[in-house]
There are 2 protein chains.
Amino acid sequence: MNVETLIDGLFKGDIISTTRLISLIENDFLKAEEISRRIYPHTGNAHVVGITGPPGVGKSSLVNKLALGWNKRGKKIGIIAVDPSSPYSGGALLGDRIRMREITGIEGIFIRSMATRGSLGGLARATRDAINILDASGMYDVVIVETVGAGQSEVEIMRVAKTVVMVLCPGLGDEIQAMKAGAMEIADIFAVNKADKPEAIETVNDLERMLDYEGLNEGKAGWMPQIVSTSSTMNTGIDELVNKIEEHQEFLANMTSEEFHEKRAAMELIDTLITKIENEAIKKAKESPVYNELIKKIVEKRIDPYQAADIILKEYMQSSR
Amino acid sequence: MNVETLIDGLFKGDIISTTRLISLIENDFLKAEEISRRIYPHTGNAHVVGITGPPGVGKSSLVNKLALGWNKRGKKIGIIAVDPSSPYSGGALLGDRIRMREITGIEGIFIRSMATRGSLGGLARATRDAINILDASGMYDVVIVETVGAGQSEVEIMRVAKTVVMVLCPGLGDEIQAMKAGAMEIADIFAVNKADKPEAIETVNDLERMLDYEGLNEGKAGWMPQIVSTSSTMNTGIDELVNKIEEHQEFLANMTSEEFHEKRAAMELIDTLITKIENEAIKKAKESPVYNELIKKIVEKRIDPYQAADIILKEYMQSSR
């Protein structure tokens, strides 16, 4: 089936077409570009919610409950789950199977896992494209993207979200303090999960103090970061979390500053530019007749990687004229 | 002070010069290139050990104990700690202060924090350069690089290490299972930390089963991944961890396959190429007279980011002739 047919299917709400398009953008950069160009004018309608946070805080369960809760209010939910899986085999290891247990087959909820793979920036690009596919389908009011919050590429992914929910839980150790402080600046809402644990109240207090201390209670462009206590096992706080996200959505809708939109567009442009160049440069490098020779020279330290890169780059420029 | 003077200082083992050079490569890509070119022929002597794993497993404490234990055997240790800090403020938040408590002022241990900041690939590049600086100084037998193990950029950093230690601990939840499976393929040694907890034995058993299941007990190029139980608080297992790392170092020394070295050189070349192009392309993009116009067009959806990137790219190619 060609891209055009799949895109027709996408606009008609066909799930198979949606799934195939996402597979295409994952596996084929050139197809990804073709698809993204075609669907771009149809994007921008779904509210993109990023759910991030360190491993072990129960993000996946919370996303399940959030999707179910929101779905009960009549909203259609698309979920992109970015799996912290192998850089080598590139499979979404747990993948849809485990994640989907609770929400499989529920009308109006779509879930897709994406794996960490390929080149720098590749995952961020593919995730963004997948979000755009769900958005452009016109089938989903909300697209939730879930990812592990520690790495640079996850930060990149979170930049795509309009509302960022940072999930934390009690007793995560010292390192979380550092992460929290960094997270402060990207999170619009904090969900303190596992709120059934008695120590959860301390985590909430810590968080409140930190927001005060960092002066971040003044918020990003006027929005005060909110804290919600949630428990996926007790199924509590989910409604409040949905409310807070919708409040933030409304806040953004009223804000509509040109600066905000231009910042997002600039990020998209730069990210696309980087991915394009990376893909082309790597391809050119590997095709270059001097590639293997340069590598041997690097091993023998007869040349440094910078000089070698210059040689490849020069060749690339000349070939692109 | 100019770069040449600092590099002279570096080769003489001057700590101030070392620190200043690392600051330069963090903050100035052009200086980084100049420095890296100069020191490259002097690299390749230190054993680079990557310590990774999810937040909350106690990596920093373990790195402290490891450095102390190894140092007692007469080895000089350089540590690069990659902090999971803010993408915006770019500071190493906890930074050296907390990390250094235990090892500050100990002869033969050097520690430096690096922050997650800047463009994609930037952190991996800066970390690699910092490792090379410590290596080239000739002052350190071992360079330890510590990072959070979840993101793509952390995987990139781990590619620089010759021995990768994956730190885990009991009771990390389902998500860790997924991460572990991915980690299997990059880890040479697993440290099950917090081994004072009774559940640690289960984690070790799980891990053993997984290694069997994945067929990874056959190992990477003949190395069987090893499992060590450690406790930073009880200070146990540290000696064994040092032993295992040294065993792996010896294993690598005996292996010396050309393929191994060429693979590493190829990664270095590609990573350098990407960073070079990214930096130049972003600079060109922002300098371009059409940049602001393109962003406005993206906001209005009159152009998609791919088309806009093509325009910038074309301009870049022409200007580089």
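**Figure 1. Packing of helix H10 of chain A in the predicted model.** The buried residues of H10(A) pack against strands S1 (47-52), S5 (163-168), S6 (189-192) and S7 (226-229), and against helix H4 (59-72) and H11, of chain A. Helices (H or I, at least four residues) and strands (E, at least two) are DSSP runs numbered from the N terminus; contact means heavy atoms within 4.5 Å. This is a predicted model in which local features need pLDDT of at least 70 and side-chain atom pairs count only at pLDDT 80 or more, whereas totals for chains, interfaces and linings use all residues. Residues are numbered from 1 along each chain as its sequence is written, chains are lettered from A and ligands numbered from 1 in the order in which they are written, and side-chain values use heavy atoms, with hydrogens and water left out.

Figure 2. Helix H10 (residues 238-255) of chain A has 18 residues and reaches 26 Å from first to last C-alpha, close to the 26 Å expected at 1.5 Å a residue; the expected span is 1.5 Å times one less than the number of residues. Its buried residues are Ile238(A), Leu241(A), Val242(A), Lys244(A), Ile245(A), His248(A) and Leu252(A). Buried means under 20% relative accessible area, exposed over 50%, and partly exposed in between (1.4 Å probe, protein chains only).

**Figure 3. Salt bridges between the chains.** The side chains of Glu262(A) and Lys296(B) meet in a salt bridge (3.0 Å, N to O). Glu262(A) lies in helix H11 (residues 258-287) of chain A and Lys296(B) in helix H12 (residues 291-299) of chain B, so the pair joins two chains. Glu262(A) is partly exposed at 22% relative accessibility, as is Lys296(B) at 39%. A salt bridge also links Glu262(B) and Lys296(A) (3.0 Å, N to O). This pair crosses from helix H11 (residues 258-287) of chain B to helix H12 (residues 291-299) of chain A. Glu262(B), at 21%, is partly exposed, and Lys296(A) is partly exposed at 38%.

Figure 4. Glu33(B) and Arg37(B) form a salt bridge, with 2.6 Å between the closest N and O atoms. The two residues are 4 apart in helix H3 (residues 29-39) of chain B, and therefore separated by about one helical turn. Glu33(B) is buried at 9% relative accessible area, whereas Arg37(B) is partly exposed at 26%. Glu33(A), Arg37(A) and Asp310(B) are joined into one network by salt bridges that share partners.

**Figure 5. The largest nonpolar core.** This core has 44 residues, and those with the most contacts inside it are Leu269, Leu273 and Tyr291 of chain A and Leu269, Leu273 and Tyr291 of chain B. H11, H12 and helix H13 (305-319) of chain A, together with H11, H12 and helix H13 (305-319) of chain B, are the elements giving two or more residues to the core. A nonpolar core is a set of buried Ala, Val, Leu, Ile, Met, Phe, Trp, Tyr and Cys residues joined through side-chain atoms within 4.5 Å. Leaving aside neighbours within four places in sequence, Tyr291(B) contacts Ala266(A), Leu269(A), Ile270(A), Ala285(B), Lys286(B) and Ile312(B).

Terms used
A salt bridge is a side-chain nitrogen of Lys or Arg within 4 Å of a carboxyl oxygen of Asp or Glu.
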